[in-house]
Amino acid sequence: MQFEVWAPLTDRVALRLAPAAATATAAAAGTATATATGTAAGGAAAWTAYDMLRDPERDGWWVVEAPAADGDRYGFLLGDDPAVRPDPRGRRLPDGPDGPSAVVAVERLAPQAPAPGVRLQDAVLYELHIGTFTPEGTFDAAAARLGHLVSLGVTHVELMPVCPFPGRHGWGYDGVAPWAVHEPYGGPAGLARFVDAAHTAGLGVVLDVVHNHLGPSGNHLPAFGPYFTDTHHTPWGAAVNLDAPGSDEVRAYFIGSALAWLRDYRIDGLRLDAVHALADGRALTFLEELAAAVDALASETGRPLFLIAESDRCDPRTTAPRAAGGQGLHAQWNDDFHHAVHCALTGESQAYYADFAEAPLAAVAKTLTRAFFHDGTWSAFRGRTHGRPVDRRRTPAHRFLGYSQTHDQIGNRAQGDRLAASLSPGLLACAAALVLAGPFVPMLFMGEEWGAGTPWQYFTDHPDPELAEAVRTGRRREFAAHGWRAGEVPDPQDPATRDRSCLHWAEPERDPHARLLAWYRTLVGLRRSHPDLRDPDLAAVRVAYDEERRWITFRRGDVRVVVNLAPVPAVIALGRNGVRVLASWGPVDHPDPEGRVHVPAESAVLLAP
């Protein structure tokens with residue numbers, strides 16, 4: 001088997017390799033395997049060293065042939081450093097980020113079931129965190145619950161990051177090995193089983209990946225090469241090197257990782273975390289290069305692969321075609337739509353909500369028709385103008401994802417409280433109508449569909465006590481500035497914080513949860529059965545609203561959507577157009593002869609001819 005590694009900063013590299021059986025025996029006997037903090041101890045006799053040779057055709061690369069099989073442990077010795085480092089491109093870290101890599105037979109990973117092949121414009125996404133979707137927190141336990149998602153009607157599961165991070169539990173955004181899979185979730189084999197189960201159930205799988213930083217603990221990439229640069233600085237420190245010397249190989253490293261998820265695991269799309277934090281000054285940006293590589297793989301495989309960006313720039317060039325000067329990503333999260341909906345539902349006005357709070361229904365109306373609220377407008381939160389207009393005639397609505405809740409918008413609150421913690425079931429139903437009948441590709445956050453009573457809080461499991469304390473005190477200090485007492489902010493390191501965040505699967509069977517779940521199923525079904533609700537023409541969306549009376553109505557082709565957020569009933573004139581009620585949260589009669597519909601308080605109704 002050929003082992004290879006890019007390590008341009010050293011004058012020699014050696015491979016350390018041990019059979020899986022030997023390392024398992026050593027572990028059972030209580031002896032240590034090789035780690036990044038020292039050489040092999042106890043079971044040292046099982047480890048064999050192989051000097052690696054420079055690759056004459058690739059600058060900075062080292063190669064060696066050695067006998068190895070699936071599960072064998074290995075790592076690299078760099079120069080005089082006695083630490084055995086895991087493979088930057090390793091697929092498995094069975095002992096965590098500071099342990100050795102394990103050989104993975106990649107050909108065994110590919111799921112057997114064919115991918116459903118649902119296009120993004122026809123999709124309904126469901127964001128899911130493996131560690132809290134079930135109490136067990138594993139791929140296999142999550143796969144056992146996929147029947148719920150099938151009955152809900154969603155088309156894709158969007159997994160939050162699954163790359164390894166220190167400890168057992170965490171959000172996943174502190175991952176340190178972009179090619180590997182978190183072992184406590186089930187490792188590479190567990191992910192492959194999950195994707196196979198999803199495809200068998202008719203569900204696509206989207207994976208959240210992080211290219212803008214690596215976690216603060218367990219990151220060994222700097223020992224190998226210039227993966228990071230001080231040319232730019234980010235909230236996490238030195239930036240990932242996308243434009244300084246050595247950046248060609250760094251780009252290839254992250255693009256290779258992205259393609260591996262899509263090719264080897266048959267994952268159907270990737271969500272790219274915080275692309276606005278990618279510091280990249282080159283003429284051909286990393287995102288364009290990545291998008292071109294994914295498009296080429298999609299053409300090669302005949303599968304509709306896609307990339308979804310998280311970006312706070314409000315820049316339509318993120319998803320504009322590369323031929324038109326854009327970056328060519330396929331969609332982007334639309335936080336402006338979320339913020340407008342959130343303000344309309346809750347009345348909150350703190351932080352970035354301040355820009356939307358003065359006239360929240362006007363903000364909802366603008367985002368429904370123009371995608372971005374900030375399209376060159378003044379942002380009081382930023383103290384400057386922000387965003388760029390969307391060309392509605394050329395930009396399809398499926399370039400944007402719409403949602404009322406996400407992991408960020410829940411978990412980054414002091415107590416991780418969902419909308420269900422403060423809103424009535426009726427207002428939750430209104431939020432669902434705005435998202436699922438709106439023009440954008442809908443995305444739900446796990447448990448939202450039944451108004452889960454559990455919070456989703458910020459939790460970590462850092463083994464390093466200093467880092468753990470820094471995270472704990474930093475979070476409490478952050479929210480103290482907003483009036484929260486330290487005792488009111490959950491301790492991220494307390495295991496109970498993660499446990500509180502796990503879904504309770506008995507809830508969907510009882511009211512009011514069961515009724516809300518039925519409403520979500522109805523709306524998803526209507527979106528699937530009525531093509532007008534998937535019409536990508538933003539310019540065709542028509543909106544009317546009354547800020548004072550707190551109602552909004554919009555038209556998607558022949559379908560009318562009416563949402564009354566007020567605590568009192570509303571009478572809304574739709575005109576004499578022969579529409580009839582398709583579905584409603586509360587009891588609603590068909591419009592009267594004058595075309596007026598009587599909508600109960602905190603309720604929504606969909607109508608069509």
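Where does Ala-371 lie? In this predicted model, Ala-371 sits in the loop that links helix 11 (360–370) to strand 17 (375–379).

**Backbone details in loops**

- Ala-371 has a positive phi, near 75°, although the residue is not a glycine.
- Ala-371 is also buried, and its relative accessible area is 0%.
- Ala-351 is another non-glycine residue with positive phi, here near 50°.
- The loop that holds Ala-351 runs between helix 9 (335–346) and helix 10 (354–357).
- Asp-511 and Pro-512 are joined by a cis peptide bond, with omega about 5°.
- Pro-512 belongs to the loop between helix 15 (495–500) and helix 16 (513–529).

**Helix 8 and its surroundings**

- Helix 8 covers residues 286–301, 16 residues in total, and spans 23 Å from first C-alpha to last, close to the expected 22 Å.
- Its buried residues are Phe-286, Leu-287, Glu-288, Leu-290, Ala-291, Val-294, Leu-297 and Ala-298.
- As a general point, an α-helix has 3.6 residues a turn, so residues three or four places apart point the same way.
- Among the elements covering the buried residues of helix 8 are helix 7 (247–264), strand 14 (269–272) and strand 15 (306–309).
- Gly-302 follows helix 8 and has a positive phi, near 70°.

**The largest nonpolar core**

- The largest nonpolar core holds 147 residues, and those touching the most other members are Leu-191, Trp-261, Ile-267, Leu-270 and Trp-519.
- Helix 13 (residues 425–436) supplies the largest share of this core, with ten residues.
- Which residues does Leu-191 contact, leaving aside neighbours within four places in sequence? They are Phe-139, Leu-159, Val-162, Val-181, Trp-261, Tyr-265 and Ile-267.
- In soluble globular proteins, nonpolar side chains tend to be buried together.

- Three strands form an open sheet in the order 1-5-4, and their pairing is antiparallel.
- Strand 1 (2–6) and strand 4 (53–54) are the edges, each pairing on one side only.
- Strand 4 and strand 5 (residues 61–65) run antiparallel and are joined by two bridges.
- Leu-53 stands opposite Val-63 of strand 5.

Methods: Residues are numbered from 1 along each chain as its sequence is written. This is a predicted model: local features need pLDDT of at least 70, side-chain atom pairs count only at pLDDT 80 or more; totals for chains, interfaces and linings use all residues. Side-chain values use heavy atoms; hydrogens and water are left out. Helices (H or I, at least four residues) and strands (E, at least two) are DSSP runs, numbered from the N terminus. Buried means under 20% relative accessible area, exposed over 50%, partly exposed in between (1.4 Å probe, protein chains only). The expected span of a helix is 1.5 Å times one less than its number of residues. Contact means heavy atoms within 4.5 Å. A nonpolar core is a set of buried Ala, Val, Leu, Ile, Met, Phe, Trp, Tyr and Cys residues joined through side-chain atoms within 4.5 Å. Two strands pair if DSSP finds at least two bridges between them.
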